[in-house]
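Q: Can you walk me through this one? I'd like the strands, then the helices.

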Amino acid sequence: MAMDLSISRFWRKKVSLYRLYGSRCKACGKVHYPPKKACPYCGSRDLELIELPKKGKLLSYTTIYAVPEGARLKSPIYFGLIDLGVTKVVAELTDVVDKNSLKEGIEVEAVLRKTQEDRDSGLIYYLLKFRPAMVHR
Amino acid sequence: MVVYIEGVGLTKVGRHYGLSIKDLAAQVAFNAIEQVGEPEGIDYLIFSSALAPLQDNQLDIAGYVSSYIGLRGIRALNVEAGEASGLAAISIAKSLLESHQADKVLVIGAEKLTEYVSSKAYKQLQMLYDSDLRSFYNIGFAADAALLMRLYMNTYDVDRETLSYWPALMHSNAKENPYAMLRFAIKPDRVSKSQILADPITLLDAYPIGDGAAAVIVSSKDVVKAPLAKVTAIESSTGLGEIELLDDPLIFDSLLNAYRKLSSIADVSQIDFMEIHDSFTIVAPIILESIGLAERGKAPELIAEGHFSSNGDKPLINPSGGLKARGHPIGATGVYQVAESALQISGEFPGIKVDNARRGLVISLNGLGSNSYVALLEGV
């Protein structure tokens, strides 16, 4: 269980969570993720949705042992800061077989993964996580 | 307009299983009120807490605390700005005095963090960061600071052991502070060997989970009788607050902006001491570098060499022990910082004393700077 989020919350975010859509500001050209209602840099509301690259470089990472309630079975959780070129994002890192494989500068790629489930017979929720790109394994 | 601090109340940060948030609030409020004599004349209660709805199942806590402590009828309001709530509350109190809506404001900061197990607190504290993306992940309260710490170490080529001097310094200061939660000294090399929370952050890099409360009475010039210190100016600014949005995450944009604003309305030179928001080890050097007190990437070295300590040059930083070792009861912290600073200036602080302290700076922020507050306190 993540933060006990509602179905509608996932549904509202589907474009950014599942397809990695960010926003590009037509005034200043900067890209941010997930999309806001105005550009966080210049304040312009003239934004367009763009699909972000699914591959990037790992800038920083952490292995989390102090995980919140409900996720202790999933400990440790890997989390990273990723440079996609047009912008940076943070995301959970997955498929980390050996934590020593996490290094600054390695290539990572987005994959759709489960994040939460409503008990045994309920809904299963997904989102994009990043894994070390195949070439590095 | 200058406003005056004339009464303070503090309680030791810790695990107060026997006291509710309202009990803690009452304790410090009564202490503060005792110093000004009577509760008569207090015309506003500003309460500061962030987690009361979650830990204490209480909304409008300011309203309920008013009658709990015998101030029924007073105007009251809770202020929430995450970890910056306390200094935001002082700022609102100052505004009320400036706009002549009040002459004497009781500010209480109180927070319980130990009503549930730590893992539940981690989940609640995750809300300090932008929920738009982060709440979909189970990352807890230390993930963002961990990413920032590794980025800092790599960018400036600073090693882990150099950074460990900060928590050691905070523990050594907190040892003297009767209100501190962690009153024991540690050697720097113990920090990296303690339990890992979110690497490279260890247990000794993070603020402890503890309850606490602090109160101050803020008065206008017209009614003040025996002030401890005056609050000359408070400024604040919002910022991007997210590591991925900042082109340069190693400077807190909101703090830089708030500090510039403060510098434009007040003289910020010759500061004797500061109380800064060192929630995690890494946040301290970035604060010092954001306000220009150290060159970029150089603060850890200065700290390790003994600058900012009680034997070093002024300003002395966090004589209280800081968030790291005094403790960080989220919404109460800013009020602790102001109360401790007022006592420092009046010469009555019961811990490490700053010689001839006349001017102190208080810095508080939420998360990695979604909101930053800066206050200048001076002797009367």
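A: Two strands pair if DSSP finds at least two bridges between them. Helices (H or I, at least four residues) and strands (E, at least two) are DSSP runs, numbered from the N terminus. This is a predicted model, where local features need pLDDT of at least 70, side-chain atom pairs count only at pLDDT 80 or more, and totals for chains, interfaces and linings use all residues. Side-chain values use heavy atoms, without hydrogens and water, residues are numbered from 1 along each chain as its sequence is written, and chains are lettered from A and ligands numbered from 1 in the order in which they are written.

Q: OK. In β7(B), what is the bridge partner of B:I5?
A: B:V218. Strand β1 (residues 3–10) of chain B and β7 (residues 212–219) run antiparallel, joined by 6 bridges.

Q: Which residue of β8(B) stands opposite B:Y4?
A: That is B:K230. β1(B) and β8(B) (residues 229–238) pair in the antiparallel sense over 3 bridges.

Q: How many residues of β1(B) are buried?
A: 8 of its 8. Buried means under 20% relative accessible area, exposed over 50%, and partly exposed in between (1.4 Å probe, protein chains only).

Q: What is the strand order in the sheet?
A: β3-β2-β4-β7-β1-β8-β12-β11-β9-β10 in chain B, an open sheet of 10 strands with mixed pairing. The edge strands are β3 and β10 (316–317), and each pairs on one side only.

Q: How many bridges join β11(B) to β12(B)?
A: 8, and the two strands run antiparallel. B:I363 stands opposite B:V374 in β12(B).

Q: Helices now. Which residues of α3(B) are buried?
A: B:I61, B:A62, B:V65 and B:S66.

Q: What covers them?
A: The cover includes α1, α2, β2, β3 and β4 of chain B. Just after α3(B), B:G70 takes a positive phi of about 85°.

Q: At what angle do α7(B) and α12(B) pack?
A: About 60°, with their axes 10 Å apart. Therefore α7(B) is oblique to α12(B). Axes are lines fitted to C-alpha atoms, for helices over the stretch in contact, and angles run from 0 to 180 degrees between N-to-C directions. Under 35 degrees counts as roughly parallel, over 145 as roughly antiparallel, 65 to 115 as roughly perpendicular and the rest as oblique.

Q: Which residues make the contact?
A: B:L148, B:Y152 and B:Y156 of α7(B), with B:P285, B:I286 and B:E289 of α12(B). Contact means heavy atoms within 4.5 Å.
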